[in-house]
Amino acid sequence: MWEWVNVSTLRHARERRPGASPRSRLTRLEMLMPCGNKLVTPKLSRGQQLDASMVHKIFRRAPLYIRPSVALDCLEPTMREGCDSSTEEDDWVEEEDMFVPATAVAQASCSTEQKAQASSSQPSTSDQTPNCWPYSRPHLYAPATAVAQASCSTQQEVQMFSSQPSTSDQTPNCWPYSRPHLYAPATAVAQASCSTQQKAQASSSQPSTSDQTPSQWQNDYGTYINLIHETSDEDNDDDLYSAIIASIEDQTQPKEDIPISQILNELSDKIDSLQVCKFNINRSAVLDGAIRGFRRLSYDPNKKMSVKFSDDRGTTEEAVDLGGPRREFLRLLMETLAESDMFEGTEGHLNLALSSSAVREDRYFIAGRAIAVSLVHGGPPPCFLSRTLFACIAEGPDGCRPVLEDITDMELYSKLKQISEAKTLEELRQFTEPLTDYLATAGCLRHLTSLVDKDKLLEDVLMFQVVQRVRGPLERFSDGLRTLGVLQKIKHHPEAFRPVLCYCPGTLTAEIMDHLFAIRWSEMGSNNRADENRVVAYWRDYLQDAEEDEGPPKLGDILSFATGCDVMPPIGFSPKPSLEFQRGRYPIANTCVNCLRIPLHQSYEDFKSNMDFAIRNTQGFGME
């Protein structure tokens, strides 16, 4: 009979059942939880066990499904008699008050009457035939309390069959305790009916020999209830539940090859362009202004950003932020973050540094939020994170593998380099000796017995120095990246985000710049059109010379002059940059609409010199 006790004891209960076949004794029950239209196994962290306390935390908000390793209604040939085979859809109970397919309830009722007929001294007067429901039945659901009641009543009827047939339709309340929402396969209900049929056949010759009495069932169930009550509902397990759901979704959802622009545009749909959050920024203290803005009580990342710059003397620049000031602020903020005390390493390959002041001021969270906001609000990508740090963010700290080049302490780097090059056990011990105190502090001190221990020692030291030492800052940095749902997208599409978060060689070329700007021509045949045709050739030569002389940095300066952003934002430009013409000496840019107006000069030398002067000596808005 199916025992409604702690699910961890179900397998042992089946092993204790007399006469159980070897196949049934090897049956295992797997706990599952719903994820979309699938049933998946919860993914636990290292060291966690799926005990009763963990089951209570995970499944108190979601139904618990139990799947046996083999079909329970097909374990023993004698158990298949009188049992209908259920469909796959009938295998699992429904939510809300333990609902199970009504087919199982009907089957339990039929089996009860069949047992009464087999054990009584006179034929039964029931109108039901053995095949009491030969037709396929729709998915009708009945409370599992009725099924449990039917099972208990059949056992009591079995005990009475040895003396006289059962004539009572009333069943005692054999389960007086309230039951939580535990869910079991409907096949288990059918098995309960079939197992009671076997007991009924044996009851005509000898008394019932059930393994457990109703009082024992109540004791087992009471033990389960006490165990559940030991876990306080006031515990803050929201983070655990969210982490388990996130890990399951990360495993089940396919990582499609989606362009980064499409992903970020989907996130940017949440931004309300009718509401703004204001940032007052001084170019000499960009990070300080950003921290004030992000910590303001009225700040909401789902609102549009409005940035107003002031020069070094505090004079407000005359500019209304329609996109240009915001892009320049985010560009300067990304540059400032890379140079801050929160990061360390070589240029373009930075890891988190341990800064007590940054921890105290919670600036790691601000850094993560700034990167997320820049990506979604149309700013430039950071492009300075190391691949080790990116792996920590995308796969978790336990999923990354630091390398020796991630060590920024040159003294420690040189000693670890010697250890990595050790050829014998004596050399390994000799090179490790100066690091004894450090290894003891890091928890990496070990007895070296062979040269094989070298790799494990280096792995432990690198994990401590690069990851475990900054575990707290890493968590806060990741929390900041959760802004606007960016971290979840990074985990689902790591290959799309790696080029924009990690260092990537400059991709700007003269050809890309030429195609990036849409030329707004004058009417065909007009006098201006002839001058424009000449100057467009100057413009393309100017881009080609910039690429050959200085490469992507010079092209980035030209793009920054026109749009406020020195690289193409991952989300793209809105609106698309345009190229216009004007009769003046120097170029003029309107970064709010990404419009660059180039002068109509008669010679290429004049055009190039005036373009260089304007781009290299212009800073701020209202002065281009």
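Methionine 463 is buried in the predicted model, with a relative accessible area of 14%; buried denotes under 20% relative accessible area, exposed over 50%, and partly exposed the range in between, for a 1.4 Å probe and protein chains only. The residue is placed in helix H18, which spans residues 453-467. Helices (H or I, at least four residues) and strands (E, at least two) are DSSP runs numbered from the N terminus. With neighbours within four places in sequence left aside, methionine 463 is in contact with Pro397, Cys400, Pro402 and Gln468, contact being defined as heavy atoms within 4.5 Å. Methionine 463 and proline 402 are 61 residues apart in sequence, yet their C-alpha atoms are 6.4 Å apart in space.

Alanine 391, in helix H14, is also buried, at a relative accessible area of 16%. Not counting residues up to four places away in sequence, alanine 391 touches Gly396 and Cys400. Between alanine 391 and proline 402 the separation is 11 residues in sequence and 9.4 Å in space, C-alpha to C-alpha.

The model is a prediction in which local features require pLDDT of at least 70 and side-chain atom pairs count only at pLDDT 80 or more, while totals for chains, interfaces and linings use all residues. Residues are numbered from 1 along each chain as its sequence is written, and side-chain values use heavy atoms, with hydrogens and water left out.

The chain contains 25 helices and 13 strands. Of its 624 residues, 47% count as buried. Among contacts between residues at least 6 apart in sequence, 72% join residues at least 24 apart. The accessible surface comes to about 32100 Å², with 49% belonging to carbon and sulfur atoms; such areas were computed by the Shrake-Rupley method with a 1.4 Å probe, and for residues only the protein chains shown count as cover.

The largest nonpolar core has 79 residues, and those with the most contacts inside it are Phe329, Leu333, Leu337, Leu416 and Phe497. A core of this kind is a set of buried Ala, Val, Leu, Ile, Met, Phe, Trp, Tyr and Cys residues joined through side-chain atoms within 4.5 Å. Helix H13 supplies the largest share of this core, 10 residues. Beyond its neighbours within four places in sequence, leucine 337 is in contact with Leu287, Met342, Phe343, Ala367, Ala370, Ile371 and Phe384. A second, separate core of 30 residues includes Leu508, Cys565, Leu579 and Phe607.

In helix H19 (residues 471-481), the residues Pro473, Leu474, Phe477, Ser478, Gly480 and Leu481 are buried. Seen down the axis of H19, these buried residues fall within an arc of 155 degrees and therefore line one face of the helix; the arc is that of the directions from the helix axis to the C-beta atoms. An α-helix has 3.6 residues a turn, so residues three or four places apart point the same way. The cover over the buried residues of H19 includes strands S8 (343-346) and S9 (349-352), together with helices H12 (356-360), H13 (363-376), H14 (387-395) and H20 (486-492).

A search of the whole structure finds 13 aromatic pairs. Rings of Phe, Tyr and Trp (its six-membered ring) pair if their centres lie within 6.5 Å, and planes under 30 degrees apart count as stacked, over 60 as edge-to-face and the rest as tilted. The ring centres of phenylalanine 294 and tyrosine 299 are 5.2 Å apart with planes at 80 degrees, so this pair is edge-to-face. Phenylalanine 294 is buried at 5% relative accessible area, and tyrosine 299 is buried at 11%. A tilted pair is formed by tyrosine 538 and phenylalanine 607, at 6.0 Å centre to centre and 45 degrees between the planes. This pair links distant parts of the chain, with tyrosine 538 in helix H23 (residues 527-549) and phenylalanine 607 in helix H25 (residues 604-617), 69 residues apart. Both tyrosine 538 and phenylalanine 607 are buried. One aromatic cluster is formed by Phe279, Phe294, Tyr299 and Phe329.

Most residues other than glycine have a negative phi, and most peptide bonds are trans. The peptide bond from serine 574 to proline 575 is cis, with omega near 5 degrees, and proline 575 lies in the loop between helix H24 (552-563) and strand S11 (578-582). Aspartate 362 has a positive phi, near 55 degrees, and is placed in the loop between H12 and H13; aspartate 362 is partly exposed, with a relative accessible area of 27%.
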